Amino acid sequence: MPSVRAAVRYYEQNLGWTPLAGAFAGGTLVAVGGDAAAEPVTRCNAFRLPDCVFEPPFEDFKHFGQ
């Protein structure tokens with residue numbers, strides 16, 4: 001889902017969220033579109049939120065697209 005990936009990039013770059021490696025021990029890899037020949041991608045991730053939740057000033061906004 002491109003829109004979900006864009007949202008995650010925003011939270012990582014602007015709000016300090018960090019991915020938790022190995023949060024799902026059983027794995028969550030899936031082939032895109034059910035195509036068995038496609039390289040599997042992670043379907044689900046967990047993120048750690050910063051200790052202090054904040055809203056950064058608009059002037060500090062970092063581009064997160066693409």
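These legends accompany close-up views of one predicted protein model.

Residues are numbered from 1 along each chain as its sequence is written. In this predicted model, local features need pLDDT of at least 70 and side-chain atom pairs pLDDT 80 or more, while totals for chains, interfaces and linings use all residues, and side-chain values use heavy atoms, without hydrogens and water.

**View 1**
Along the sequence, the pattern reads α-β-β-β-β. Helices (H or I, at least four residues) and strands (E, at least two) are DSSP runs, numbered from the N terminus. The radius of gyration is 15 Å, well over the 11 Å that the globule rule gives for 66 residues, so the protein is more spread out than a compact globule. That radius is taken over C-alpha atoms, and the rule is 2.2 Å times the number of residues to the power 0.38. The C-alpha trace spans about 45 × 25 × 10 Å along its principal axes.

**View 2. Surface and contacts of the whole protein.**
Of the 66 residues, 9% count as buried. Buried means under 20% relative accessible area, exposed over 50%, and partly exposed in between (1.4 Å probe, protein chains only). The accessible surface comes to about 5,500 Å². Carbon and sulfur atoms hold 60% of that surface. Areas come from the Shrake-Rupley method with a 1.4 Å probe; for residues, only the protein chains shown count as cover. Among contacts with a separation of 6 or more, 64% join residues 24 or more positions apart. A contact means heavy atoms within 4.5 Å.

**View 3. Thr28 sits in the loop between β1 (18-19) and β2 (29-31).**
Thr28 has a relative accessible area of 15%, so this residue is buried. Leaving aside residues up to four places away in sequence, Thr28 touches Val41, Thr42, Arg43 and Cys44. Thr28 and Cys44 are 16 residues apart in sequence, yet their C-alpha atoms are 5.9 Å apart in space. A polar atom of the Thr28 side chain lies 3.2 Å from the backbone oxygen of Cys44.

**View 4. Two cysteines, Cys44 and Cys52.**
Cys44 is partly exposed, at 29% relative accessibility. Cys52 is exposed, with a relative accessible area of 55%. How many disulfides does the structure hold? The count is 0. A disulfide here is a pair of cysteine sulfur atoms within 2.5 Å.

**View 5. Tyr10, Tyr11, Trp17 and Phe47 form one aromatic cluster.**
The whole structure has 3 aromatic pairs. Rings of Phe, Tyr and Trp (its six-membered ring) pair if their centres lie within 6.5 Å; planes under 30 degrees apart count as stacked, over 60 as edge-to-face and the rest as tilted. One of the pairs joins Tyr10 and Tyr11 edge-to-face, at 5.4 Å centre to centre and 75° between the planes. Tyr11 is partly exposed, at 32% relative accessibility.

**View 6. Trp17 and Phe47 form a tilted aromatic pair.**
Their ring centres are 6.4 Å apart, with 45° between the planes. Trp17 lies in the loop between α1 (2-15) and β1, and Phe47 in strand β4 (residues 47-48), so the pair ties together parts that are 30 residues apart in sequence. Trp17 is partly exposed, with a relative accessible area of 27%. Phe47 is partly exposed too, at 22%.

Technical notes. Polar contact = N/O pair within 3.5 Å; in protein donor to acceptor, adjacent residues only side chain to side chain.
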